[in-house]
Amino acid sequence: MSDIIRLLPDSVANQIAAGEVIQRPASVIKELVENSVDAGASIIKIYIKDAGRTLIQVVDNGKGMSETDARMAFERHATSKINVADDLFRLTTMGFRGEALPSICAVSQIDIRTRTPESPIGTRLLINGSRVETQEADVCDAGTNIMVKNLFFNVPARRKFLKTDSVENSNILREFERLALVNNNIHLSIDLGSRVLDLRPASFKNRITDIWKNALDLHLLPVDIDTAIVKVEGYISRPEYARRRNPLQYLIVNGRNMRHPYFHKAIVSCYDSLIASDTQPCYFLKFTVDPSSIDVNIHPTKNEIKFENEQEIFAILRAAIKASLAKNGAVPSIDFNTDILPVKPLHKGEIPERPKLTLSQSYNPFSSAGNNFPKSDSQIKDKPANIDNWDKLYSEFMTGSRGFGDKKIEIEKKEALQSSLPGMNFTDKIGSLCIQHASRYLVTSVSEGLIIIHQRRAHIKILYEKFIDRFKRSEKTVQSLMFPELIDFDPEHFEVFTNIEKDLTGFGFVFEKKNDVIKVTGIPGYVDNLNVKSLLTDIVDAVLEGSIDMKKGLDKEMPLYDGLAISMARSLAISNNQKLSADEMEHIVSELFSLPDPMYGPNGKRIFFTLEDSRIENALN
Ligand code: ADP
Ligand code: MG
């Protein structure tokens, strides 16, 4: 048999490498901007057309390239940044693998103009899918101006793989935010066609707020620790501002963004018991370490790093975060009930303040005019479950104005109940004997055993079905908000919001937009007590995260259908530690079991389970 092994031509090898380094337009932007940063640029401008499909252009005022270097830069493994293998452990540049430009040119058409400040004339190079078409002298500004056109034009499978413009644009924005955060001293701008962002050089903190607007300004706590192995500085969010979705979490090591699950754990674990378990804090932390103590070369896109002193840094990081939380009063100083101790600790040299007393001089306990104590039960305001009001209160729950769904006829419910849980025999009105455990579970007895219900999930399910029902009936009523809500999304969220705005108005939301601020002036008529801001942030987050798939709604006309119903239900449902009265419990339980599929919530989470008598008996045997 003749020999069959051949060396791949460079153009093919480059295309294969491109598969690793260049996944989408955002990865091109990362590589090009990092090259500009390495070239010492102080101004970097990015222009995007069609979410990067047609054009990605990066213009910098860096050190440029000579005629020969410009050509060499597109060869495989061509780099000016390292000479010998040992240099890998002394890295101060973003790039070093000499892979980005050859990979990009293998899957696009390149038009690059570059000039070094010393040279009077620059060079222009056109490359088409790894093949150099022309190179000629060019009168251009000092620095580099590179255009990447028609990305993946020669790899149809990859081009098809690209997501919708709004998803790719939001990936681009996310990458831009990362680059902007790391390079806060550089003037960076991006023009996406639909929007422009221009970030002037700023302190790290100001860069954070420039990117994510004012939303974070007041809530960031500084972190600052300097040890022999690592210096950590930056900001973390106060526990109250932990986010359920898309927390902003950035770790930067020697000017490089990275993922590090172990350090992430160190940070998040400091918030244990301070935040709800389904939320996460935001953090923006910069590490400075000796370049020889890390290995950046463990991943082609270089966003994972191996540390020599991982465990020590873990401990240092935890100490720094805990100190910051404690110093800024974000951690209760005493673990048990702090409410009874509203006294500020005194610092050395401070003089205690005399308590202020306000007395009503005219108060006479014996005169009826001065006596403000309630005489009878009916004078007590806000009394719990006042019998007089109870019927009204209960009927409010039943009619749903307090969020517990529509009134149904009891018999109907019992029938539905029987059919939805075949094999179970409900002798009594279900839920009539119900206790609440740990303020979050409802326990009720049926003839087969005990049913244990997750109260919040149950309520979400009830509300969700109710909203879906309304949507199906195409009920669109609008209630105007007396106090319109202003929402100031960051660029990424704003972009997504713009895309779903029309769908939302279809459900009864009314918006006005001025500059980048959204004013909500109306919401659907059938929801009360809606936290509009958190609801809309929730929906936009869900779209961004992909958990609401805009292409896969229940109804093609209204792709938000399902996602909106879930978000509204979550926003309105009772919390996990809400004490419920006997009637509220009964209501939830009977509503739940009148639904066709009470076992699972809209997000697929289990709502209840049954502890059968046989299991109880076995356990007690
Ligand atoms: P790496 O960054 O890993 O060295 P690249 O393929 O990204 O590899 O770039 C190859 C070389 O091209 C770089 O080492 C650098 O010398 C040169 N280069 C790339 N972009 C620029 C730029 N914007 N300005 C000046 N030189 C550049
Ligand atoms: Mg590079």
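Reader: How many bridges join β19 to strand β21, and what makes them a pair?
Author: Six bridges join β19 to β21 (residues 517–524). Two strands pair if DSSP finds at least two bridges between them, so six is enough to call β19 and β21 a pair. They run antiparallel, and one bridge links Val 478 to Pro 524 in β21.

This is a predicted model, where local features need pLDDT of at least 70 and side-chain atom pairs count only at pLDDT 80 or more, while totals for chains, interfaces and linings use all residues. Residues are numbered from 1 along each chain as its sequence is written, chains are lettered from A and ligands numbered from 1 in the order in which they are written, and side-chain values use heavy atoms, leaving out hydrogens and water.

Reader: Why do β19 and β20 stand at the edges?
Author: The open sheet has three strands in the order β19-β21-β20, with antiparallel pairing. β19 (478–487) and β20 (510–514) each have a single partner strand, so one side of each is left without a neighbour in the sheet. Neighbouring strands here are turned by 15 degrees against each other on average, direction ignored.

Reader: Which strands does helix α14 touch?
Author: Helix α14 (residues 532–545) packs on the sheet and touches β19, β20 and β21; contact means heavy atoms within 4.5 Å. Helix α13 (residues 491–506) also packs on the sheet, touching β20 and β21. The direction of α13 makes about 145 degrees with that of β20, on a scale where angles run from 0 to 180 degrees between N-to-C directions, with axes fitted to C-alpha atoms (for helices, over the stretch in contact).

Definitions and conventions: Helices (H or I, at least four residues) and strands (E, at least two) are DSSP runs, numbered from the N terminus.
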